Amino acid sequence: MDWLTDYFIQNEWRFKALHRAILLSAVWKQSSEHPLASSYRERDPSESLLWRFRIQRLKAEQIRDAMLMASEELDNRIGGPSINEAHPGRALYMKQFRNQNNSLLHAFDLGGGLKSVAVRNTTTTPTQSLIMINGEYVLSRAKKMAARLTHRYGSDARALIQEAVQRCWGRAPSTDEIKNAIAFLNVTKSSEEVDIALLTDFCHVLLNSNEFLYLD
Amino acid sequence: MNNYVNIEPKPGFSRRAFLERSGFGFGAIALSSLIQRTVLGDEAETSAHFPSTAKRVIWLFMEGGPSHLDLVDPKPLLNTLAGQPLPSGFKEPLTAMGEKGSPILPAPRTWKQHGQGGLWASEWMPHIAENMDDIAVIRSCWTNGINHSGGVCQMNTCINVAGRPSLGSWVQYGLGSANQNLPSFVVMCDSAGRPVNGPRNWGSGFMPASHQGVRLNGTSDEPITSLNAPKGYNDDQQQRKLALLQQFNQQHLRTRPQQSELEARIRSYELAFRMQAKAPEAVDLSRESERTQALYGLDQKETATFGRNCLLARRLVERGVRFVQLYSGTGSKWDSHAGIEANHSRLCRSMDKPVGGLLKDLKQRGLLDETLVIWGGEFGRTPMSEKGDGRDHNPTGFSIWMAGGGVKGGQTIGSTDELGLYAVEDKMHVHDIHASILGLLGLDNMALTYDHKGRPERPTINEGRFNKKLIGA
């Protein structure tokens, strides 16, 4: 922090230069996977020397927005009046009521809006799991996602799986993953119709997966 | 719970990091101290500060402010001075509706002394009155909350300004959970409505959301929000989804060893499903005998709703739920600015038998010894009338009572003045009430701290004292 502060001042207090220095740094570009992780962990178990990226759970708003992105519902407009919970705009613009709480966002540690919060908590609770796997909101996103995918790819199971995984995990599925997915969708012949209910379930599972919820 | 613990704190693995990342949303603190004790031999990390007499709490919250003058704090002078202004010797009170010059309202009650202790109770609480020897009435309570929002907020969070953790959250933080399948802080209301302030009454303030109370609706097919699989899903479908999820998560984990939060999240799904499996049994009142149901008034229309919640409370504490809060008169219904006779006689009827039944039932099952039952509202009511036949809010002197959990029954603590307007003797502010509840649970209100923004926060905001008269000292 000292070094950064000094750098900031040296560069005439310009934020752009500061941001560039941070974003182009080796530390910033790290992955959470490190070839020497086990030996480094022995020496620096709390990872205080920042030798790898710390795996991060998405924040409450990011979880909601990422789901809307995956289901292609996200209204990505900047600014404008505040929105209600049901509107698929970014969570940033959602109205906050201090005597109510949106169960999804608050379950994932959104600040209460009553006192300033310097650092948000990051918890892992069964309540979150229940909301994600049983809750109406997440299931509705999965339904929308399945409907849009079907609209675009018909019953081409491989294409459906490829696109669903790409949308949720930001990468192509492995051969094994495709095999598991095909088995889950109960498709035996390539010409076979993909059951929209099963595709919905598949999307729902992707939205619940750690690879979706964590950034590494 | 050790079966589910394989995150071993290593040097440099902070307590905070453990709490945040562990899969134990319910009561991670006490659990972590348990682990740290066994792993690091750190004896300082005990969850309770001194031996407790109470292990769990059932808090009966009469929302809106019940009249102490008509229930447990008889004032004959009210009837003598009926219709006259407050005598000149009294300090002019500040009340919500400004009722200071209005004439004194009589309390046309029939008072009787009960039990060995000879505690007073009015005819509005005949069933509770049968248990007076288990009850300690605190007649000298006072609060800063002059209106409902501030009063309810303070009674729950110790301050009338929003944003701090509720007492239930502090208890869960301090003692952790005593069960694996149910939340440890549960709230039930006697209608589908909301108490004033809504969920922030049981909010966790600056603590992680996992410490907040969980609202439970015992009459619903889904007692806890999102507890059940979505409509139209059978077990097989749900299992199939979970199996795929498990497969994906395990694959993901394999390439990311030593990332404990990923394992914690996988386990949080397992915990969620244990909860899903166990909660329906916990709230299934058909397992109770007809006699027990009748004891709580489930067989009568007027008492069935609150009776059901009282009976559920007993079932929950039996299963290790540590803190249960029941709202009576949800949505400020005890607020009786006008027509107090009709209002209170109706609400007392709905609450008295269930509460009396709860005390008896806890006692006969041997649960009362370690279960602290608290009864009270956010404030009391004024001796002065409002609108001719009602009473205004009285934050300066009111009663609550406690039973069980080591409380010495058959005694009154403190007193109000001759008209019940101001607490005068052995005054107990909400800080003291909370400090005493924590004290009965073995928690020292000054030693229990939570680091927030670099500052150790205490449940009673650095004030409050455990009134040991409660335990007969």
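Helix 10 of chain A buries a run of residues that includes Leu198(A), Leu199(A), Phe202(A), Val205(A), Leu206(A) and Leu207(A). The model is a predicted one.

**Helix 10 of chain A**

- The helix is mostly covered, with 11 of its 13 residues buried.
- It runs over residues 196–208, and its end C-alpha atoms lie 18 Å apart; at 1.5 Å a residue its 13 residues should span 18 Å, so the two values agree.
- At the start of the helix, the backbone nitrogen of Ala197(A) has a side-chain oxygen of Asp195(A) within 2.9 Å.

- Beyond its neighbours within four places in sequence, Phe202(A) touches Ile161(A), Ala164(A), Val165(A), Ala181(A), Phe184(A) and Leu185(A) in chain A. From chain B, Leu244(B) and Phe248(B) are in contact with Phe202(A).

**Overall form of chain B**

- Chain B contains 12 helices and 17 strands.
- Its radius of gyration is 23 Å, close to the 23 Å that the globule rule gives for 473 residues, so chain B is as compact as a globular protein of that length.
- The C-alpha trace of chain B spans about 80 × 50 × 40 Å along its principal axes.
- Of the 473 residues in chain B, 62% count as buried.
- Among contacts in chain B between residues at least 6 apart in sequence, 76% join residues at least 24 apart.

**Confidence in chain B**

- The mean pLDDT of chain B is 89, and 90% of its residues reach 70 or more.
- Residues 1–17 of chain B have pLDDT below 50, although this stretch has 34 contacts in the model beyond near neighbours in sequence.
- Residues 19–46 of chain B likewise have pLDDT below 50, with 73 contacts in the model beyond near neighbours in sequence.
- Where pLDDT is low, predicted coordinates should not be read in detail.

Methods:
Residues are numbered from 1 along each chain as its sequence is written. Chains are lettered from A and ligands numbered from 1 in the order in which they are written. Side-chain values use heavy atoms; hydrogens and water are left out. Contact means heavy atoms within 4.5 Å. pLDDT is the predictor's confidence in each residue, from 0 to 100. Helices (H or I, at least four residues) and strands (E, at least two) are DSSP runs, numbered from the N terminus. The expected span of a helix is 1.5 Å times one less than its number of residues. Buried means under 20% relative accessible area, exposed over 50%, partly exposed in between (1.4 Å probe, protein chains only). A polar contact is a pair of N or O atoms within 3.5 Å; within protein, one must be able to donate a hydrogen and the other to accept it, and residues adjacent in sequence count only if both atoms are side-chain atoms. The radius of gyration is taken over C-alpha atoms; the globule rule is 2.2 Å times the number of residues to the power 0.38.
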